[in-house]
Amino acid sequence: MSRPRRLAARGDEPLRSPRNAIPIVAFSLLAGVLLFTTVDPWLPGAGLFMGGIDLDVYRDGAQHVLDGLPLYTEPLTHELLYTYTPFSTLMFVPFALLNGTVGEYIWMGFNFFLLVTIITLCWRILGYRITPYVLALSTLLAVASGFLEPVRTTLFFGQINLVLMLLILWDTARPDGSRIKGVGVGIAAGIKLTPAYFVLYFLALRQWRAAMVAALTIVATVGVSALILPSDSWQYWTKTFFDSTRIGDAFHASNQSLKGAITRLTLAPAPTWVWLLLDAVIAIVSMLVVVRLHRRGETLLAVTLAGMTASILSPFSWSHHWVWFVPLTIWFIHRAVANLWWWTGPIVLFAIAGSWAYQWPLNRLVVGLYLFPPTWVSWDILVNLYVWSYALILAGAAVVAWRAPEVQVSDRAREADTAPS
């Protein structure tokens, strides 16, 4: 497997080549057309612009805090329970101002802006200088990414996943000597616990300062929320935190975590010791791959694999947590700059995770995770689709990690000079 050409000093020239630009534009336009034609965007309950349930929960949780009402002892809007940390509600207070349908469109527009920013940052991590041309391609690819089920459902529900991923990408891409490296991971983990996995990522890479800053930032988020919301904080950290059933039933088909897959495959609750032992094995193996990828200059793939691993190891991971398919898509396209055969990657990825739609019995429209009727694909494969995909991605990342040459010291210095500030 050949190593892709270094692009840090070449601006956007490799992307301007018709050989590379035409496939990107065609891919983006096709995915964009499919996004708006497979399902009517105004279809009640399923159309892209007819959602916002999770945003409603964020708004209601923030309003509970402003009104001095309990956060975890009673259902919020849509009879849903609040499952995030007390600190998250402090971050969600501005959402209380996003009233009605207009507020939902504002939040969706902001999420699209975040998606463009995330893709642009991915190019930056890969060594490209950001130009208007790269921004234009990033916008096109943001539209294309909307066809990925995790992104589509993030936009549809009004979820927070893209904010968290941007915080992590921005943080992990900072130079190792940065004094504030770790703050982004800490804030993300303060809002939603899963990003705390990146403290382990910093430790595995021996980035001791970043790990310490991230851990202290997490502690600070707990402390701040305890001072402002003492009752809710006590309730969360002594009771709610230990009750994973508040999130959902482990059998739920959209629980694309290892624990969920074991539960569905065995048709019984996964024994705690079994999935914890398997989690530990996956964590160790994936971190060995991540460390080797990082040493070979594959920073974006390393961070992406760590983000996917965090979703696998979590007791409950909704399918929309898998927004890490976006940086993986950009990494594949970057590889395709050197060899067009790498376009197989994003094509297969979109075939697996695209928001295809079809009708269940009783006229129930299904979009996203259930890509094909169960008569086409074995149900055990279909219902655990992202878990199986992760196994293939981990194996592929290991091949890249062990076949690519190690980056020399001079190359590391050059990457540090071009890293996002």
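In this predicted model, Arg-59 pairs up with Glu-104 in a salt bridge, with the closest N and O atoms 3.5 Å apart. Arg-59 sits in helix 3 (residues 53-67) and Glu-104 in helix 5 (residues 100-125), so the bridge ties together parts that lie 45 residues apart in sequence. Both Arg-59 and Glu-104 are buried. The pair also belongs to a network of salt bridges that takes in Asp-56 along with Arg-59 and Glu-104.

In total, the structure holds 5 salt bridges. One of them joins Arg-16 to Asp-12, where the closest N and O atoms come to 3.1 Å. Another links Lys-181 with Asp-176, with 3.2 Å between the closest N and O atoms. Lys-181 is buried, because its relative accessibility is 2% and the cut-off is under 20%. Asp-176, by contrast, reaches 52% and counts as exposed, since that takes over 50%.

Turning to helix packing, helix 10 (residues 197-204) and helix 15 (residues 299-313) meet at an angle of about 135°, and their axes are 10 Å apart. That angle makes the two helices oblique to each other, and their crossing is right-handed. On the helix 10 side, the contact is made by Tyr-197, Phe-198 and Tyr-201, while helix 15 brings in Ala-302, Val-303, Ala-306, Gly-307, Thr-309, Ala-310 and Leu-313. Sorted by type, the residues of this contact come out as 8 nonpolar and 2 polar, with no charged ones.

Key: Residues numbered from 1 in each chain as written. Predicted model: local features only at pLDDT ≥ 70, side-chain atom pairs only at ≥ 80, totals over all residues. Heavy atoms only, no water. Axes fitted to C-alpha atoms, helices over the stretch in contact; angles between N-to-C directions. Helix = DSSP H or I, 4+ residues; strand = E, 2+ residues; numbered from the N terminus. Parallel < 35°, antiparallel > 145°, perpendicular 65-115°, else oblique. Left-handed = near helix turned anticlockwise from the far one by under 90°. Contact = heavy atoms within 4.5 Å. Nonpolar A, V, L, I, M, F, W, Y, C, P; charged D, E, K, R; others polar. Salt bridge = Lys/Arg side-chain N within 4 Å of Asp/Glu carboxyl O. Buried < 20%, exposed > 50% of the residue type's maximum accessible area, 1.4 Å probe, protein only.
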